[in-house]
Amino acid sequence: MTLTSKWNFPTTVLFGPGRVGELPAVLASAGIARPLFVTDPGLAKLPVVADTLAILDKAGVEYAVFSDVRPNPVESNLAAGIQAFKSGNHDGVIAFGGGSALDLGKLVAFQAGQSRPIWDFEDVGDWWTRADSAAIAPVIAVPTTAGTGSEVGRAGVLTNEVTHTKKVIFHPKMLPVTVIADPELTVGMPKMITAGTGMDALAHCLEAYCAPGYHPMADGIALEGIRLVLENLPRAYADGTDIEARAHMMSAAAMGATAFQKGLGAIHSLSHPIGALYDTHHGMTNALFMPYVLDFNRPVIEERIERLAAYCGISGGFDGFRSKIMDLRTELSVPSTLRDLIPGLRMDDARRDLIAEMAIVDPTAGGNPVELTKEAALALLEKSM
Ligand code: NAD
């Protein structure tokens with residue numbers, strides 16, 4: 001194994017209940033005078049947004065709200081966001097919401113000043129160097145799910161409506177300058193979103209921990225992130241007002257996204273085409289594939305999972321950890337098959353082939369500890385059915 005690697009660490013995170021009250025001061029220190037507040041239409045109707053806008057109003061901040069953001073955002077959302085950003089002469093973005101609003105807010109701040117099409121900045125090799133870095137506007141990220149960890153990430157996920165593929169757009173300067181991680185903002189999440197987003201954080205930590213390569217910092221963060229999810233997701237699910245559990249889940253979400261710079265794997269490689277083709281919830285889709293991918297990778301990861309199980313106080317090594325995941329899925333009412341996740345699903349051979357082909361070229365496939373061949377992707381898909 002090579003001891004040569006590249007490590008990046010996240011940004012300033014103001015963590016704790018009530019810290020959203022510091023938003024005006026954070027904007028001022030980032031030099032943002034006219035922010036565009038990017039959120040999604042569901043959140044825009046909830047008190048969590050009204051209360052945050054009241055904080056901005058009280059401080060006299062001049063802002064506009066943009067909420068044309070679908071779950072699994074698409075290029076037309078980005079185009080509309082850029083139009084709002086430019087026409088309002090904004091100088092920064094408050095990205096407020098779950099992964100969809102956070103990603104779209106980051107992408108608006110990134111793309112508004114670029115002259116090339118967004119797909120030229122896909123996370124491939126050094127394509128990010130094509131961007132004009134000086135034209136990227138600053139972002140303050142305020143997550144309301146826990147979650148994708150997009151608030152501490154340098155990428156945004158956008159679905160290409162023409163090719164029906166989810167693309168990761170990357171630039172180091174897409175990293176928000178400051179994050180306000182206030183667990184009180186996640187209290188209103190419905191149970192299904194609490195479960196799905198929490199399982200997303202778990203999938204990030206688990207795939208990062210299992211990815212090959214030398215990154216002991218990421219490994220350590222992922223280990224503790226997994227422990228936090230296993231101990232706190234059932235609590236947050238059972239009682240959404242349990243602030244301590246919500247806070248630990250918010251940490252675990254940021255830890256997952258910090259750790260996955262080491263790599264992701266086949267859970268995500270399969271989840272991305274399913275999400276792009278059927279518009280399923282990303283975290284729930286990850287949760288569905290998790291045990292099958294664990295089994296597939298077992299010959300290579302068994303020893304690592306034994307150490308993980310021991311750290312988390314789970315007896316029975318690999319099998320004990322796998323059972324814990326299965327029990328967690330049941331406790332959180334995670335759909336156990338693709339047909340449960342996508343009611344009325346009918347999948348012919350051509351569709352299966354397409355999903356397997358999309359999975360093996362997904363950028364996350366390279367991080368799987370066992371090579372994800374087309375045959376393997378088809379077998380995993382079959383198990384999930
Ligand atoms: P989401 O942002 O799509 O939100 C799901 C639903 O939850 C929405 O209807 C929203 O209105 C609602 N919601 C959010 N917060 C709420 C709250 N506090 N109270 C009540 N309702 C609330 O879901 P998500 O799982 O956070 O994000 C998924 C997106 O993130 C996908 O597009 C996925 O591809 C992307 N993603 C990005 C990264 C990254 O690193 N950038 C990582 C993983 C996933």
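A polar contact here is a pair of N or O atoms within 3.5 Å; within protein, one must be able to donate a hydrogen and the other to accept it, and residues adjacent in sequence count only if both atoms are side-chain atoms. Keep that in mind as we visit the ligand. The structure is a predicted model, in which local features need pLDDT of at least 70, side-chain atom pairs count only at pLDDT 80 or more, and totals for chains, interfaces and linings use all residues. Residues are numbered from 1 along each chain as its sequence is written, and side-chain values use heavy atoms, with hydrogens and water left out.

Let's start at the ligand. One of its oxygen atoms is 3.3 Å from an N or O atom in the side chain of Asn 72. A nitrogen atom of the ligand is 2.8 Å from an N or O atom in the side chain of Thr 144.

Now for the salt bridges, each a side-chain nitrogen of Lys or Arg within 4 Å of a carboxyl oxygen of Asp or Glu. The whole structure has 16 of them. In one, Lys 167 and Glu 122 meet at 3.7 Å, N to O. Lys 167 is partly exposed, at 22% relative accessible area, while Glu 122 is buried at 15%. Buried means under 20% relative accessible area, exposed over 50%, and partly exposed in between (1.4 Å probe, protein chains only).

Another salt bridge joins Asp 242 to Arg 235, with the closest N and O atoms 3.0 Å apart. Here Asp 242 is buried at 16% relative accessibility, and Arg 235 is partly exposed at 33%. Finally, a network of salt bridges links Asp 219, Lys 262 and Arg 304.
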